[in-house]
Amino acid sequence: KEKILTKLKKQKIDFENNLSQTRTAQKEKEKERKTIQELISKLLKNKQKIKKRTEELIKIRRQQNKEISGNFSKMRGKLPWPVNGTIISKFGLQQHKELKTKTENLGIKIKCNKNEPVVSVMDGIVWKISYLPEAGNVIMIDHGDSYSTVYANIEKIIVYEEQYVNAGEQIATTSNINNKNYLDFRIFDDKKFIDPKN
């Protein structure tokens with residue numbers, strides 16, 4: 001009886017520790033989600049800068065004989081992956097099996113090798129490079145027609161703000177801080193996030 005009781009006590013302690021770690025991870029994920037949403041909201045308020053960036057993108061595309069508008073939505077299902085790897089965290093509401101709580105993923109996490117090259121999925125203008133404690137380094141690229149992509153948990157950034165980048169052009173490498181070998185990738189269209197997998 002004592003052996004069984006000792007074993008059960010140990011299992012209880014292990015379970016409580018796991019539960020505590022899971023709750024902490026969920027809180028961090030929620031904080032990261034809010035921080036990125038706040039950053040995007042703040043950036044979207046600057047209408048003049050958005051208009052200037054759109055005009056610049058149209059000008060560059062005209063010079064390169066690329067289609068001026070409607071590009072991103074027309075490329076649905078044809079865009080390249082931003083990094084080689086497999087999806088380990090899906091988009092949308094996810095229910096935790098043990099806690100029975102739901103958390104919302106605004107993008108996907110793609111597991112990959114460390115220092116994997118990260119590329120822009122389409123041509124556009126880099127509109128923000130930032131650092132967020134919960135997400136690490138972040139790059140946001142404006143592709144026109146209200147579509148933007150967000151690349152987080154990256155390092156060795158090789159682009160700068162207001163730079164035009166081509167589709168497939170390397171912008172950074174994945175970060176391997178704390179052995180987190182994944183890219184956090186998001187797409188948003190006119191202030192709402194959409195599933196990058198599609």
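This is a predicted model: local features need pLDDT of at least 70, side-chain atom pairs count only at pLDDT 80 or more; totals for chains, interfaces and linings use all residues.
1. In which loop is the place of P80? P80 sits in the loop between α3 and β1 (86–89), where helices (H or I, at least four residues) and strands (E, at least two) are DSSP runs, numbered from the N terminus. With a relative accessible area of 39%, P80 is partly exposed; buried means under 20% relative accessible area, exposed over 50%, and partly exposed in between (1.4 Å probe, protein chains only).

2. Residues are numbered from 1 along each chain as its sequence is written, and side-chain values use heavy atoms, with hydrogens and water left out.

3. Overall content. The protein chain has 3 helices and 12 strands. Of its 198 residues, 41% count as buried. Among contacts with a separation of 6 or more, 65% come from residues 24 or more positions apart; contact means heavy atoms within 4.5 Å.

4. Helix α2. Residues 47–63 form this helix of 17 residues, and the distance from its first C-alpha to its last is 25 Å, close to the 24 Å expected at 1.5 Å a residue. The expected span is 1.5 Å times one less than the number of residues. The buried residues of α2 are R53, L57, I60 and R61. Seen down the axis, these buried residues fall within an arc of 95°, so they line one face of the helix; the arc is that of the directions from the helix axis to the C-beta atoms. An α-helix has 3.6 residues a turn, so residues three or four places apart point the same way.

5. Surroundings of α2. The cover over the buried residues of α2 includes α3, β6 (124–132), β7 (136–144) and β9. On the other side of the helix, K47, Q48, K51, K52, R62 and Q63 are exposed. N65 follows α2 and has a positive phi, near 55°.

6. D123. Is this residue, with a relative accessible area of 4%, buried or exposed? D123 is buried, and its place is in the loop between β5 and β6. Leaving aside neighbours within four places in sequence, its contacts are L57, R61, K66, N71, H143, Y164, V165, N166 and A167. Two of these, L57 and R61, are listed among the buried residues of α2. The C-alpha atoms of D123 and G168, 45 residues apart along the chain, are separated by 7.9 Å.

7. F185. This residue is found in strand β11 and counts as buried at 3% relative accessibility. Apart from neighbours within four places in sequence, F185 is in contact with P82, G107, I108, I110, V121, T149, V150, Y151 and P196. For T149, which is 36 residues away along the chain, the C-alpha separation from F185 is 7.4 Å.

8. Second largest pocket. Its space is about 340 Å³. A pocket here is an open set of points on a 1 Å grid over the protein atoms alone, where a 1.4 Å probe fits, with protein on both sides within 12 Å along at least five of seven lines; lining residues have an atom within 4 Å of a point. Grid points are joined across faces, edges and corners, and the volume is the space filled by probe spheres set on the points. The lining has 19 residues, of which G77, L79, I187, P196 and N198 lie nearest the centre. Elements giving two or more residues to the lining are α3 (71–74) and β11 (182–189).

9. Lining by class. There are 12 nonpolar, 3 polar and 4 charged residues. Ala, Val, Leu, Ile, Met, Phe, Trp, Tyr, Cys and Pro count as nonpolar, Asp, Glu, Lys and Arg as charged, and the others, Gly among them, as polar.

10. Positive phi in loops. N115, in the loop between β4 (108–111) and β5 (117–119), has phi near 60° and is partly exposed at 32% relative accessibility. E162, in the loop between β8 (147–155) and β9 (164–165), has phi near 70° and is partly exposed at 39%.
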